[in-house]
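Thanks for making the time this morning.

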Amino acid sequence: MNLWQTFEIKNNSDTCSKGISLHYQEGIEENLKRKYISFAKWLRKNYVFPVHINIYILNCEKVLLKNGIWAYGSFKWFPKRPPYIRIPSAIETELLSEYSKEEIYEQILSSLVHELTHYFQWVLDLEQSNATSERQAHYYRYRIIDKYNADLSNKSK
């Protein structure tokens, strides 16, 4: 089953609209905002988001999870309101010596894909272990980014 292409929805949520919304915290780099906007347009064109998802783009390097662990993203769902994703988008200065900004932007977008995969797992009400969910999210993380990059390069030709 391809999570990102499955349209049979098992999780009926009448309280939520459809789609994807981006919300930016103050201080996000303008170039990175443009990347997010471009990526969100591409996502909306290529995939169905059957339950509205809010994506909060935060001006920090990591987010704190409920279990006390710092992470590069989080997905949270609720029974009667839209779920949300938090993606830290401040660039760690030490990474700039190893990677270009473009590479860092791609990693940030791939973290978003990872969390969106958890969203699709939730929408489809998949019953699987946390380890399986994480492996699946890691699998899609790079495949979706590769499709996006391929579409961008085909567009520019």
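In this predicted model, helix α2, which covers residues 101-123, packs against helix α3, residues 130-155, at an angle of about 125 degrees, and their axes lie 8 Å apart. Since angles over 145 degrees would count as roughly antiparallel and 65 to 115 as roughly perpendicular, that angle makes α2 oblique to α3. The crossing of α2 past α3 is right-handed. On the α2 side the contact includes Leu109, Val113, His114 and Gln121, while α3 contributes, among others, Ala137, Tyr140, Ile144 and Tyr148. Which kinds of residue make up this contact of α2 with α3? They divide into eight nonpolar, 11 polar and three charged.

Let me move on to the sheet. Four strands form an open sheet in the order β1-β2-β6-β5, and the pairing is mixed. Because β1 (20-24) and β5 (74-76) stand at the edges with a single partner strand each, one side of each is left without a neighbour in the sheet. From one strand to the next, the twist averages 20 degrees.

Within the sheet, β2, residues 53-58, runs parallel to β6, residues 84-88, and the two pair over five bridges; in one of these, Ile57 has Ile87 of β6 as its bridge partner.

Two helices pack on this sheet. Helix α1, residues 30-46, touches β1, β2 and β6, and its direction makes about 170 degrees with that of β1. Helix α2 touches β2, β5 and β6, its direction making about 165 degrees with that of β6.

How values were computed:
Residues numbered from 1 in each chain as written. Predicted model: local features only at pLDDT ≥ 70, side-chain atom pairs only at ≥ 80, totals over all residues. Heavy atoms only, no water. Pairing = 2+ DSSP bridges. Axes fitted to C-alpha atoms, helices over the stretch in contact; angles between N-to-C directions. Contact = heavy atoms within 4.5 Å. Parallel < 35°, antiparallel > 145°, perpendicular 65-115°, else oblique. Left-handed = near helix turned anticlockwise from the far one by under 90°. Nonpolar A, V, L, I, M, F, W, Y, C, P; charged D, E, K, R; others polar.
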